[in-house]
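Please look at the structure below before reading on.

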2 protein chains.
Amino acid sequence: MVQYLGSPLDLSFAALSDATRRGIIDQLGRGDASITSLADQFQMTLTGMKKHVQVLERAGLVVTQKVGRVRTCKLGKRGLNAEAEWIEAHRKLFEARFEALDEIISEMKQEGSDD
Amino acid sequence: MVQYLGSPLDLSFAALSDATRRGIIDQLGRGDASITSLADQFQMTLTGMKKHVQVLERAGLVVTQKVGRVRTCKLGKRGLNAEAEWIEAHRKLFEARFEALDEIISEMKQEGSDD
DNA sequence: TAAATACTGAACCATATAGTTCAGTGTATA
DNA sequence: TATACACTGAACTATATGGTTCAGTATTTA
């Protein structure tokens, strides 16, 4: 087994592609939380929640620390800067494309097209 | 088989979690392209490229149209606005957390901690 | 010290992803 | 009309995801 983990953006976008994990980030934005409290809020087993937290940790979006028997989760220092940068840069590409003349022309000849 | 497809953000973040697909978006930002030309550029079989394009289409990031025997891919009108909005809103949460006093305090008592 | 709490790890299940090959179908071109 | 081209679909492989249960271990607390 090779276990190639992918680039940082691969990991963070994958982490954000699940509504539960986006919810966990929401929640941690309101305060740190244990695995148990997160599992309660999202109606999930401890083990299931632990896996979600691990995905967020691998992506650097969350950090955890175990003190005594409680593992506390908080938002990671890494933040969402790299993701925001990629999205902003490419949002411009989308906009630039739609301002192009050929877009208007292709809208005009919208008849008799497949699929 | 139920085939529950997930919310729009689920689909688009998942689509963006692969470097090849992010590359396809880059490329389409420079101009529309056929499946064949994309497959050539990313050194992949036609079938493989078609699957990537389908993932981008399901997410609304790309639209395609077949004319004759060529399927042309272009950036979708949907754009990255919803994604940018989510990221920006949550980026603030990350920043707010780090400005909080308890953060500084917890940095201070950083000794004798697990994992 | 006994019991409850909080987590951890292994194992399992169903489905999705990322890729392939191979065998087509339909379209353009020589 | 024969050939080449562009795509499509089915089938297969390996791995990841999202969830579970069950059986632990370690830490509090009564």
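How do the residues of the surface near DNA strand D divide into nonpolar, polar and charged? In this predicted model, 10 of them are charged, 9 are polar and 4 are nonpolar.

DNA strand D is surrounded by 23 residues. Arg21(A), Lys51(A) and His52(A) are among the closest, together with Thr36(B) and Lys50(B). Of the atoms of DNA strand D that come within 4 Å of the protein, 69% belong to sugar and phosphate.

| Residue | Atom of DNA strand D | Distance to a side-chain N or O atom |
|---|---|---|
| Arg21(A) | phosphate oxygen | 2.3 Å |
| Asp18(A) | phosphate oxygen | 3.3 Å |
| Thr47(A) | base oxygen | 3.4 Å |

Several elements give two or more residues to the surface near DNA strand D: helix H4 (46-58) from chain A, and helix H3 (35-41), helix H4 (46-58) and strand E3 (70-75) from chain B. H4(A) provides the largest share of this surface, with 5 residues.

**Cysteines**

How many disulfides does the structure hold over all chains? The number is 0. A disulfide is a covalent bond that joins the sulfur atoms of two cysteines.

Is Cys73(A) buried or exposed? Cys73(A) has a relative accessibility of 0% and therefore counts as buried, the cut-off being under 20%. Cys73(B) is likewise buried, because its relative accessible area is 0%.

Conventions: Residues are numbered from 1 along each chain as its sequence is written. Chains are lettered from A and ligands numbered from 1 in the order in which they are written. This is a predicted model: local features need pLDDT of at least 70, side-chain atom pairs count only at pLDDT 80 or more; totals for chains, interfaces and linings use all residues. Side-chain values use heavy atoms; hydrogens and water are left out. A residue is near a molecule or strand if one of its heavy atoms lies within 4 Å of it. A polar contact is a pair of N or O atoms within 3.5 Å; within protein, one must be able to donate a hydrogen and the other to accept it, and residues adjacent in sequence count only if both atoms are side-chain atoms. Helices (H or I, at least four residues) and strands (E, at least two) are DSSP runs, numbered from the N terminus. Ala, Val, Leu, Ile, Met, Phe, Trp, Tyr, Cys and Pro count as nonpolar, Asp, Glu, Lys and Arg as charged, and the others, Gly among them, as polar. A disulfide is a pair of cysteine sulfur atoms within 2.5 Å. Buried means under 20% relative accessible area, exposed over 50%, partly exposed in between (1.4 Å probe, protein chains only).
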